[in-house]
Amino acid sequence: MELLQDIMAALAPVGLNLIGTTPRADYEALVPSQYHITQWFPEAESVVVIGNGGREFWGHFREYAAARPGYLQQHDHPLDDYTVAVMSARLTPLLDATRAQYRVIYPFQFFSGLTVSFMHLAQAAGLSRPSILGVQLHPRYGPWIAWRAAVLIDRALPALPAPAQDCEPCSTCVERPCIAACPAQAVSAAHGWDLPACTQYRLRAPTDCAERCHARYTCVYGREHRYPEDELAYHQRLSLAAARAYCEKPESAN
Ligand code: SF4
Ligand code: SF4
């Protein structure tokens, strides 16, 4: 438990305020075998899932970038690079001191032959639940959460509080304003989030959802923790660019 307390104490000051643990086997029970950790890091017994809820992490990133003139222009994915810098500075010394075998992974990095579902890691750790928006929800922060990293470690770690364990947000939501808020009718109670419909709409009408996802913005959970305007636009811009790049790839490469 001491290691987990040290991790939480090191990361909370930069807004990484969602920390949970799961036995590797519990995560693997949720996903098909191609997402299993065992195939590329069989020593892992536990996973520490690390994320942010609300706007604090972005505020620290903004300060970090402001103190480094040109940082935003020099990095294609400045928030991701900031995340790696934070982990290296705050987490690596703690993990090295344990003398454990470990590996830090990120949802935005691709490793050859490595696939892992951060959504299922977070779900196994009891930090979030699926929603009809295609993103996961936290009981307090709603859809205003993001998984930034995970530590795979050869130690059996104790469970941390799992606030989302018994939460079923969408099936108990009466208003469901997210459905009407989507101009592409890409969100439905029966089928959830229609990614192709969302993508096609955004490519046809790139300004409509440029500033925010209207469906996510109206979710009844966590409204007071909504990301600030510049963060909303940042994520929308990157997701649209990724969708455009994917659609423009030759079919054989998709
Ligand atoms: S508004 Fe209700 S139905 Fe829509 S994502 Fe939020 S909890 Fe789910
Ligand atoms: S980005 Fe726009 S089209 Fe896509 S789900 Fe959100 S509101 Fe709908």
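## Exercises on a predicted model

A180 lies in helix α8 (helices, H or I of at least four residues, and strands, E of at least two, are DSSP runs numbered from the N terminus). The model is predicted: local features need pLDDT of at least 70, side-chain atom pairs count only at pLDDT 80 or more, and totals for chains, interfaces and linings use all residues. Residues are numbered from 1 along each chain as its sequence is written, chains are lettered from A and ligands numbered from 1 in the order in which they are written, and side-chain values use heavy atoms, without hydrogens and water.

**Exercise 1. Classify A180 by accessibility and find its C-alpha distance to T218.**

Step 1. Take the relative accessible area (under 20% is buried, over 50% exposed, partly exposed in between; 1.4 Å probe, protein chains only). A180 has 72%, so A180 counts as exposed.

Step 2. Compare sequence with space. A180 and T218 are 38 residues apart in sequence. Their C-alpha atoms are 9.5 Å apart.

**Exercise 2. Assign the geometry of the ring pair F61 and Y82.**

Step 1. Count the pairs. The structure holds ten aromatic pairs (Phe, Tyr and Trp rings, the six-membered one for Trp, with centres within 6.5 Å; planes under 30 degrees apart are stacked, over 60 edge-to-face, the rest tilted).

Step 2. Apply the test. The ring centres of F61 and Y82 are 5.6 Å apart and the planes meet at 55°, so this pair is tilted.

Step 3. F61 belongs to helix α3 (residues 56–66) and Y82 to helix α5 (residues 78–90). They are 21 residues apart, and the pair links distant parts of the chain.

Step 4. Check burial. F61 is buried at 3% relative accessible area. Y82 is buried too, also at 3%.

Step 5. Widen the view. Ring pairs join F57, W58, F61, Y64, Y71, Y82 and Y234 into a cluster.

**Exercise 3. Which rings have the charged ends of R68 and R226 over them?**

Step 1. Take R68. Its charged end sits over the ring of Y64, 3.6 Å from the centre (the test: NZ of Lys or CZ of Arg within 6 Å of the ring centre and within 35 degrees of the ring normal).

Step 2. Take R226. Its charged end sits over the ring of Y217, at 3.8 Å from the centre.

**Exercise 4. List the polar contacts and other neighbours of T21.**

Step 1. At 8% relative accessibility, T21 counts as buried.

Step 2. Find the polar contacts (N or O pairs within 3.5 Å; within protein, one atom must be able to donate a hydrogen and the other to accept it, and residues adjacent in sequence count only if both atoms are side-chain atoms). A polar side-chain atom of T21 lies 2.9 Å from the backbone oxygen of P158. The backbone nitrogen of L160 is 3.5 Å from a polar atom of the T21 side chain.

Step 3. Neighbours within four places in sequence aside, T21 touches L4, V47, V48, A125, L157, P158, A159 and L160.

**Exercise 5. Repeat the analysis for S131.**

Step 1. The S131 side chain reaches the backbone nitrogen of L133 at 3.0 Å.

Step 2. Not counting residues up to four places away in sequence, S131 touches L137 and C170.

**Exercise 6. Describe the shell around ligand 2.**

Step 1. List the shell (residues with a heavy atom within 4 Å). Ligand 2 is surrounded by C182, P183, A184, W193, C198, Y201, R202, C209, C213, H214, A215 and Q236.

Step 2. The largest share, three residues, comes from α9.

Step 3. Sort by class (Ala, Val, Leu, Ile, Met, Phe, Trp, Tyr, Cys and Pro are nonpolar; Asp, Glu, Lys and Arg charged; the others, Gly among them, polar). The shell has nine nonpolar, two polar and one charged residues.

Technical notes: Contact means heavy atoms within 4.5 Å.
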